[in-house]
Amino acid sequence: VAKLSVSGNEEVFNRQTEKRHHIMAGYTFHINQRVDLITNSFLRIDRLRPALFEAGVRASMDSNKWLGISMRNDHTVVGTLGMLVKNKFSFGYAYEYKKFGIGSTAGGTHELVLGIQLQNL
């Protein structure tokens with residue numbers, strides 16, 4: 001007999017659970033009718049890991065194509081690109097490269113993102 005077990009979030013209301021704080025900010029600079037520069041920053045603070053800070057910039061062309069780069073304080077560089085099709089479907093790609101110390105690397109990871117905008121505000 002197969003037994004299904006579903007779990008998750010049991011620790012949400014436990015006072016002993018470590019708390020994590022995320023702070024995000026950004027600003028959009030309208031360069032002209034076709035190009036926007038979008039800055040982003042992210043800070044993660046918790047007691048179990050060192051603080052993580054990320055800052056980046058993304059260029060958006062015609063409100064439906066983008067290309068960007070971000071850097072983190074843990075020596076990670078992230079490159080992104082993507083596009084929005086028919087103001088409904090988004091397709092994106094990101095490559096994350098992390099360097100450890102002198103001469104050693106962790107290699108890179110690839111990420112594909114598929115999205116559907118349910119409502120375009």
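Leu 37 is found in strand β2, residues 35-46 (strands are DSSP runs of E of at least two residues, helices runs of H or I of at least four, both numbered from the N terminus). At 31% relative accessibility, Leu 37 counts as partly exposed (buried means under 20% relative accessible area, exposed over 50%, partly exposed in between, with a 1.4 Å probe and protein chains only). The model is predicted: local features need pLDDT of at least 70 and side-chain atom pairs count only at pLDDT 80 or more, while totals for chains, interfaces and linings use all residues. Residues are numbered from 1 along each chain as its sequence is written, and side-chain values use heavy atoms, with hydrogens and water left out.

Leu 37 belongs to a nonpolar surface patch together with Tyr 27, Phe 29, Ile 31, Val 57, Ile 69, Met 71 and Val 77, and the accessible area of the patch is about 710 Å². The elements giving two or more residues to this patch are β1 (20-30) and β4 (65-72). Patch residues have over 30% relative accessible area and no salt bridge; like charges are joined within 9 Å, and nonpolar side chains (Val, Leu, Ile, Met, Phe, Trp, Tyr) within 5 Å. Areas come from the Shrake-Rupley method with a 1.4 Å probe, and for residues only the protein chains shown count as cover.

## Chain overview

The protein chain has 7 strands and 0 helices. Of its 121 residues, 16% are buried.

## The loop between β3 and β4

Asp 62 lies in the loop between β3 (52-61) and β4, and Ser 63 has its place in that loop too. Asp 62 is partly exposed at 30% relative accessible area, whereas Ser 63, at 59%, counts as exposed. Most residues other than glycine have a negative phi. Asp 62 has a positive phi of about 55°, and Ser 63 has a positive phi of about 60°.

## Salt bridges

The structure holds 7 salt bridges (a side-chain nitrogen of Lys or Arg within 4 Å of a carboxyl oxygen of Asp or Glu). One of them joins Arg 72 and Glu 96, with the closest N and O atoms 3.3 Å apart. This pair links strand β4 to strand β6, 24 residues apart in the chain. Glu 96 is partly exposed at 29%.

Another salt bridge pairs Lys 98 with Asp 74, at 3.3 Å from N to O. Lys 98 is in strand β6 and Asp 74 in the loop between β4 and β5, 24 residues apart. Lys 98 is partly exposed at 24%, as is Asp 74 at 23%. Shared partners join Arg 20, Asp 46 and Arg 49 into one salt-bridge network. Arg 49 is partly exposed at 36%, but Asp 46 is buried at 11%.

## The largest pocket

The largest pocket has a volume of about 560 Å³. Among its 25 lining residues, Glu 54, Val 78, Thr 80, Ala 94 and Glu 111 are the closest to its centre. β6 gives the most to the lining, with 7 residues. A pocket is an open set of points on a 1 Å grid over the protein atoms alone, where a 1.4 Å probe fits, with protein on both sides within 12 Å along at least five of seven lines; lining residues have an atom within 4 Å of a point. Grid points are joined across faces, edges and corners, and the volume is the space filled by probe spheres set on them.
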